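The sequence and structure come first.

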Amino acid sequence: MEPSEVPAVQATYRLQLRGDELRFDDAAALVDYLAELGISHLYLSPVLTATVGSTHGYDVTDPATVSDALGGRAGLEALAARARSRGIGLVIDIVPNHVGVADARQNHWWWDLLQHGQQSRYARHFDVDRESDGADGKIALPALGSGDGPDDLTVDRTGPEPMLAYYDKRFPVAPGTDTGTAAEVHERQAYRLVPWDSGLVGYRRFFTIDDLAAVRVEDPAVFDDAHVQVAEWVADGLVDGIRVDHPDGLADPTGYLVRLRTLLGPDRWLVIEKILGADEPLDPTLPVDGTTGYDALNELAAVFVDPRGESALTELSRRCTGTAEDAAWFHEQEVQSKRAVLTEGLGPEVRRLVRAVRRDAGTAGVDSNALREAVVAVAAALPVYRADYAPLAGMLPRIVGEVAGARPELEAALQLLVRALSTGGEAAARFGQVCGAATAKAVEDRLFYRASRLISLQEVGGQPGRFAMPVSQFHLAWQERARRWPQAMTALSTHDTKRSEDVRARISVLSQVATQWAAHLAEWDGLAPSPDPAFGSFLWQTLFGVWPEDGVVTTELRGRVHEYARKALRENGTRTTWTQVDDGFEAAVAGWIDAVIDGPVHDAMTSFVGSVSRHVAAVSLGQKLLQLLGPGIPDVYQGTELWDDSLVDPDNRRPVDFDTRRRLLAHPEAAPPKFRVVREALHLRRARPSSFVGGAYVPLVAAGPAAGHVLAFGRGPAADDLDVVAVATLHTVALSDIDWEETVLDLPSGSWTDRLTGRAFTGSVPLSEILGTLPVAAIARDDG
């Protein structure tokens with residue numbers, strides 16, 4: 001099938017490929033199932049050669065080859081052919097920002113750079129820093145244990161070439177430099193091995209991960225080398241769309257995307273993992289179709305949160321943590337957390353940025369400490385990943401002005417920083433990169449593991465200080481999405497979400513039963529007191545979110561919760577960290593989790609979970625239906641057509657039971673409501689493409705005493721030609737005292753049928769008829 005025969009992108013299904021679980025041939029075996037489910041495109045995690053044993057593919061070691069572990073180029077071609085035979089196209093995730101260097105032997109670019117230094121043909125490929133203090137003009141590699149040095153190395157001569165050895169790690173030796181002791185050999189190399197905690201890093205990293213070295217794709221030659229496979233996919237018609245990982249890490253995101261768009265051509269789908277800050281619009285000058293959907297995810301999360309629970313949950317937060325965790329608190333904590341990250345984990349990047357500022361703007365007699373403080377103060381105050389996109393013009397001047405007003409002693413240093421940023425040179429690029437890394441590490445990987453007022457709001461790009469979103473705001477945001485970004489991806493679960501869509505749905509219901517939740521925690525903390533009240537508040541919600549309705553906590557689930565808690569504790573960083581582990585505290589938390597599962601709280605938790613199950617279903621089904629029938633291109637993350645209790649990675653990359661899902665497709669009468677919602681919504685999109693991508697989005701308003709509990713909209717080729725209506729129920733706990741009978745929804749002219757229940761409607765319909773069986777409805781005009 002030629003690329004033109006594949007339909008335009010209407011809906012995607014994300015697969016997390018793994019060499020040990022899900023290869024290209026396994027994906028090909030799923031094509032029939034996915035075609036029947038109703039998707040238009042298969043969306044694959046990175047497929048290029050990655051670190052041996054990688055379970056995610058974001059640590060690419062050879063951008064020029066398709067992973068043999070997944071099935072190689074032949075396997076990818078076979079998958080594409082199989083998909084096209086069913087009218088399904090391919091979308092592939094690419095990683096332009098960095099490559100994996102954990103084992104230098106696996107990355108021939110990196111190996112050649114280390115072996116030949118500036119004479120390497122790949123010297124221009126990496127963002128190398130040879131000016132780092134103490135590196136002596138060499139590439140500092142933080143690969144040694146704390147306190148170790150050259151005397152702890154040996155020379156491995158077992159292979160065809162000698163290598164420097166440090167335990168199981170190997171490093172290249174330049175030709176003719178292998179005589180003498182290991183320390184003497186080391187001294188002759190273009191790199192310098194240093195302790196991991198030395199603060200010396202001779203290359204830009206992905207955030208603070210030493211094993212991921214950044215690539216200079218701003219160089220056209222490097223771009224070409226890094227996109228050899230992408231160019232071939234385009235030339236051979238294998239790919240219909242590309243997802244770009246972390247563009248904010250690049251020196252020039254806009255320039256990169258322009259070059260990538262030229263490579264892909266004008267029609268292939270292109271979405272970017274651009275994390276938008278509060279009220280930040282996506283730059284309309286970018287040659288892309290939209291983001292990967294965290295903005296939509298957070299809007300869907302917030303609209304299902306009941307604002308009536310805010311005061312009780314705020315008070316509970318104050319009781320458990322000592323703070324209100326409101327918008328003002330989040331802002332203050334974000335700034336403080338960024339300052340900590342910039343001076344600690346990102347210290348090498350900040351020092352390099354300061355040197356770039358001096359090169360671009362001159363010394364001007366400003367003390368280095370003052371200049372560093374100016375950089376940290378401005379970067380910490382920036383409320384977005386980076387401020388050099390067109391719609392954000394004016395933001396950075398405002399931030400600089402605020403810092404100058406609060407810290408007049410930094411005025412001279414701020415002027416030097418501004419001068420450097422104004423040249424548009426190295427300092428400007430590095431400033432943007434540092435700001436993005438600071439936001440990711442400080443907010444997503446630290447603050448969102450510390451706050452606990454309502455953790456369902458704590459997702460990438462989320463604004464948990466704002467609590468709930470009014471329906472009116474939601475409608476206008478989605479109407480603008482339909483008009484401005486009709487092909488942007490929308491998502492509910494991804495490989496990067498802190499918790500799955502269904503775990504978030506359950507936790508969000510706590511906003512509807514806030515006083516009951518607070519009472520339960522007061523009782524349960526007495527029965528099983530957590531070792532730390534603040535983190536305990538966070539984990540109580542997590543346990544509630546994944547607790548099985550039947551109360552049977554399997555060994556597998558118990559192990560998953562323990563692994564999650566360990567990661568969350570270390571990301572939280574207040575009592576234990578990845579680099580300074582407090583074994584005693586971690587053991588205490590593990591013991592507490594077991595005490596909750598095995599002790600007197602068990603039955604009470606099970607009962608409480610059961611008591612809110614129908615309200616959780618309303619959120620789970622509602623957000624899924626709105627995403628699938630709303631504006632943009634919805635992605636279904638693997639397995640989420642059924643209830644999914646996944647937590648943060650690697651938990652959300654576990655194998656999916658597709659056999660069960662195939663059986664449900666073959667026997668729809670046995671399928672649970674979520675599966676039916678997914679299938680019917682996807683089939684509606686496929687049958688009526690003009691009603692969705694590029695179609696109209698019209699809010700529909702119910703009338704009656706329960707109108708505030710309804711979120712409904714119409715889709716169609718035009719505002720006066722609607723042929724699909726989505727209806728979801730909000731805040732169902734408060735509905736118990738309200739009669740649906742007196743609340744009606746006026747459907748557009750024509751006869752209509754709910755594809756989920758088969759019920760027929762015309763005109764003004766009581767919500768008791770529309771929502772009598774399920775808390776959602778996918779209503780289609782019969783003549784559509």
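**Aromatic pairs and a pocket**

The structure holds 22 aromatic pairs. The model is a predicted one.

A pair to start with is Trp-517 and Phe-608. The ring centres of Trp-517 and Phe-608 are 6.0 Å apart and their planes meet at 25 degrees, so the pair is stacked; the cut-off for stacking is an angle under 30 degrees. This pair links distant parts of the chain, since Trp-517 belongs to helix α19 (residues 514–527) and Phe-608 to helix α23 (residues 601–611), 91 residues apart. Both Trp-517 and Phe-608 are buried.

Helix α19 also holds Trp-524, while Trp-540 lies in helix α20 (residues 533–546). Trp-524 and Trp-540 form an aromatic pair with 5.6 Å from centre to centre and 40 degrees between the planes, which makes it tilted. Because its two members sit in these two helices, the pair of Trp-524 and Trp-540 ties together parts that are 16 residues apart in sequence. How accessible is Trp-524? Its relative accessible area is 0%, so Trp-524 is buried. Trp-540 likewise counts as buried, at 0% relative accessibility. The cut-off for buried is under 20% relative accessible area.

Which residues do the ring pairs link into a cluster with Trp-517 and Trp-524? The cluster consists of Trp-517, Trp-524, Trp-540, Phe-544, Trp-592 and Phe-608. Both pairs described above therefore have their members in this cluster, as ring pairs link Trp-517 and Phe-608, and Trp-524 and Trp-540, into it.

Rings also take part in contacts with arginine. Arg-575 lies over the face of Phe-585, 4.0 Å from the ring centre. Arg-259 is placed over the face of Phe-223, and here the distance to the ring centre is 5.5 Å.

Of the elements, α9 gives the most to the lining, with six residues. By class, the lining of the second largest pocket is made up of 17 nonpolar, eight charged and seven polar residues.

Notes: Residues are numbered from 1 along each chain as its sequence is written. This is a predicted model: local features need pLDDT of at least 70, side-chain atom pairs count only at pLDDT 80 or more; totals for chains, interfaces and linings use all residues. Side-chain values use heavy atoms; hydrogens and water are left out. Rings of Phe, Tyr and Trp (its six-membered ring) pair if their centres lie within 6.5 Å; planes under 30 degrees apart count as stacked, over 60 as edge-to-face and the rest as tilted. Helices (H or I, at least four residues) and strands (E, at least two) are DSSP runs, numbered from the N terminus. Buried means under 20% relative accessible area, exposed over 50%, partly exposed in between (1.4 Å probe, protein chains only). A charge sits over a ring if NZ of Lys or CZ of Arg is within 6 Å of the ring centre and within 35 degrees of the ring normal. Ala, Val, Leu, Ile, Met, Phe, Trp, Tyr, Cys and Pro count as nonpolar, Asp, Glu, Lys and Arg as charged, and the others, Gly among them, as polar.
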